[in-house]
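Subject: Structure handover and what was found in it

Dear colleague,

I am passing on the structure we spoke about, together with some notes for a reader who is new to it. Please have it open while you read.

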Amino acid sequence: SALTEYCIAQILIESGRSQEALVRFENIFSGHALGFGSFNMYALYVDYGFTLMTLRRFEDAIPQLMQGLTMNEDVPHGLNALGYSLVQLGRHGDARGAFERGLHYDPTNPYLLNNMGVCLLFLSEFQL
């Protein structure tokens, strides 16, 4: 089922095998989404976008991340991946918004804090 493919993709992401995870996500999206419904579809899109981000496919990652985050914004790692992708494309103002939303949900997240700092440096707004 798609849910099994998703679980395998999660293991592949966590073990640094994003290219293999991408194949699992593409299988899900080209076939059926058995096991996914309105309560968890967001996770599929967010983690697909996250995988694309890890593969430095930032332009491809953004719409997937935004789709998932529209369904459920309370996903700090997804907001971080969105912000990071936006920074990589030079969209620093948009990235700042993504990092701010992520920090709203997880104010001590070290990845969000670090990436927000980098973003503020790009925007010349970083203050000690």
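Is Asp-106 buried, partly exposed or exposed, and why does it count as such? With a relative accessibility of 25%, Asp-106 counts as partly exposed, because buried would require a value under 20% and exposed one over 50%. Please keep in mind throughout that this is a predicted model.

Asp-106 sits in the loop that runs between α6 (92-105) and α7 (110-122). Its side chain is joined to that of Asn-109 by a polar contact of 3.1 Å. When neighbours within four places in sequence are left aside, Asp-106 is in contact with Pro-76 and Leu-112. As for Leu-12, which is 94 residues away from Asp-106 along the chain, the C-alpha atoms of the two are separated by 25 Å.

Pro-76 leads on to helix α5 (76-88), as Pro-76 is among the buried residues of that helix. Of the 13 residues of α5, 10 are buried, so this helix is largely enclosed by the rest of the structure. Besides Pro-76, the buried residues of α5 include Gly-78, Ala-81, Leu-82 and Ser-85, and the buried residues of this helix pack against α3, α4, α6 and α7. The end C-alpha atoms of α5 are 18 Å apart, which agrees with the 18 Å that its 13 residues should span at 1.5 Å a residue. After α5 comes Gly-90, which has a positive phi, near 80 degrees.

Leu-65 shows some of this packing in detail: not counting residues up to four places away in sequence, Leu-65 touches Gly-78, Ala-81, Leu-82 and Ser-85, and also Tyr-45, Val-46, Gly-49 and Phe-50. Leu-65 and Leu-82 are both listed among the residues with the most contacts inside the largest nonpolar core, which has 37 residues, and that list also holds Tyr-6, Phe-25, Leu-44, Leu-69 and Phe-99. Two or more residues of this core are given by each of α1, α2, α3, α4 (58-71), α5, α6 and α7, and the largest share, 8 residues, comes from α3. In soluble globular proteins, nonpolar side chains tend to be buried together.

Turning to the aromatic rings, the structure holds 6 aromatic pairs. One of them is formed by Tyr-6 and Phe-25, an edge-to-face pair with 6.2 Å from centre to centre and 70 degrees between the planes. Tyr-6 belongs to helix α1 (residues 2-14) and Phe-25 to helix α2 (residues 18-30), so the pair ties together parts that are 19 residues apart in sequence. Both Tyr-6 and Phe-25 are buried. Another pair, between Phe-29 and Tyr-48, is tilted, with 4.9 Å from centre to centre and 40 degrees between the planes. Here Phe-29 lies in α2 and Tyr-48 in helix α3 (residues 41-54), so this pair, too, ties together parts that are 19 residues apart in sequence. Phe-29 is partly exposed at a relative accessible area of 33%, whereas Tyr-48, at 12%, counts as buried.

Lastly, a search of the whole structure finds 0 disulfides. Cys-7 is partly exposed, with a relative accessible area of 42%, while Cys-119 is buried, at 0%.

With best wishes

Definitions and conventions: Residues numbered from 1 in each chain as written. Heavy atoms only, no water. Helix = DSSP H or I, 4+ residues; strand = E, 2+ residues; numbered from the N terminus. Buried < 20%, exposed > 50% of the residue type's maximum accessible area, 1.4 Å probe, protein only. Contact = heavy atoms within 4.5 Å. Polar contact = N/O pair within 3.5 Å; in protein donor to acceptor, adjacent residues only side chain to side chain. Phe/Tyr/Trp six-rings, centres within 6.5 Å; stacked < 30°, edge-to-face > 60°. Disulfide = S-S within 2.5 Å. Core = buried A, V, L, I, M, F, W, Y, C linked by side-chain atoms within 4.5 Å. Expected span 1.5 Å × (residues − 1).
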